[in-house]
Amino acid sequence: MDRRFLQLDVFAGATALSGNPLAVVVDAAGIDDAQMAAFARWTNLSETTFLLPPSDPAADYRVRIFTPAGELPFAGHPTLGSCHAWLASGGMPKAAGVVVQECGVGLVRVRADERTSGGSDARRALAFAAPPLKRSGPLDETLLGQIAQALGVARAEIVDHQWADNGPGWAAVMLGSASQALALKPDFSAVPTLKLGVIAPQAAGHDADFEVRAFFPAGGHHFEDPVTGSLNAGLAQWLIGAGLAPARYVAAQGAALRRAGRVRVEQQGADIWIGGDVVTHVRGTLDAW
C-alpha cells in the first residue's frame, strides 16, 4: 500500500534548511506500533509522526509522535509539522481557522497565522496553543549544582531556573547572555537522563529576543535539538508568567548546529501561542509495508 509521505522544515528561518526536519506519514492507518518505531529509527530524525483518524470527535486528526528511541505524548515541532502535512494533504478543519490535534497529552489547538503566504501549502505559518505544564516551579539546589557542572559554569552564572515540563520532561535554566549560552560545550555525565533547556537574552540589534538551546538523552548520550517547540512552550509559560519576557517575543534556536530556527511567541488572553514557519521539502509515497 502506498502511503503519502512528506519531509518538512519546521520553525524554518529565512534561509532554506534552517529549522528542524520532520518526517510525516500521512496515511498511517494500519501501521502497527512496532512498524512505526522501526520507521522512526530508520529516518533517524529527532521525530517522525504518523497521522491517523481521530478517536475524539472534537479532533480533526490524531498524531503519534516517535523518536528513534520511543514514543512521545507531545512535541512542538511535530505538532506544527503534522498540522501542515494534514492541511497540505487536503485536511479540512471542523472549525474555521483552528485545527484540533489529538495526541498523547489530549487535544491541542493549532491555528494558521496571518503570515501564511497566498494559501500556499509549500510554506505555511502556524502556531499551537501551549499545553498546560505537568511540572513547574524552581529546580532544587542539588540538581542545579549538577546542571552547573554539566554546563561547565559556576552555579552563580545560572541567573534563574524552572521546571518547564509539558510532557517531555524539560528542566530549564537561564544564563546571562546569548554568547555565553552559545559557547557551552556540556558534559551530561553527572545527569545522564536530564532533558535540559538553556535560554539567555540576545544582544541588542539581533532579530530575536532570546537564544535557546535544548539537550536531550538518547542511547546513552546527550544530543542537541535544532529547534524545540515543546521546550519553547514551557519556557514561554515560565518567562511570561514570571515577568522575565514580554507577552510577545521571538526566540532563536539552532545556531550552535549551524541552523537558524525562529520561534514566535505570543500571549493572547489565557493562551500562549508558539508559532513558526513550516516548509515542505520532500513529497512522495512510502511503500515500506
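How many salt bridges are there between domain 1 and domain 2? The count is 2. Keep in mind that this is a predicted model.

Let's start with the layout.

## Where they meet

On the domain 1 side, 24 residues are in contact with domain 2, which brings 20 residues of its own. Together the two domains bury about 1500 Å², and carbon and sulfur atoms account for 51% of that area. Within domain 1, the residues that lose the most area to domain 2 are Phe11, Phe74 and Gly275, which together make up 28% of what that side buries.

## Charged and polar links

Back to those 2 salt bridges between the domains. Asp277 and Arg264 form a salt bridge, with their closest N and O atoms 3.0 Å apart. As for polar contacts, 9 residue pairs turn up across the interface of domain 1 and domain 2, both partners being at pLDDT 80 or more.

## What domain 1 puts forward

Four elements each supply at least two residues to the side of domain 1 that touches domain 2: strand 2 (20-25), helix 2 (76-88), strand 8 (123-129) and strand 16 (271-286). Strand 16 gives the most, with 3 residues. Sorted by class, that side of domain 1 has 11 nonpolar, 9 polar and 4 charged residues.

Notes:
Residues numbered from 1 in each chain as written. Predicted model: local features only at pLDDT ≥ 70, side-chain atom pairs only at ≥ 80, totals over all residues. Heavy atoms only, no water. Contact = heavy atoms within 4.5 Å. Buried area = accessible area lost by both parts, 1.4 Å probe. Salt bridge = Lys/Arg side-chain N within 4 Å of Asp/Glu carboxyl O. Polar contact = N/O pair within 3.5 Å; in protein donor to acceptor, adjacent residues only side chain to side chain. Nonpolar A, V, L, I, M, F, W, Y, C, P; charged D, E, K, R; others polar.
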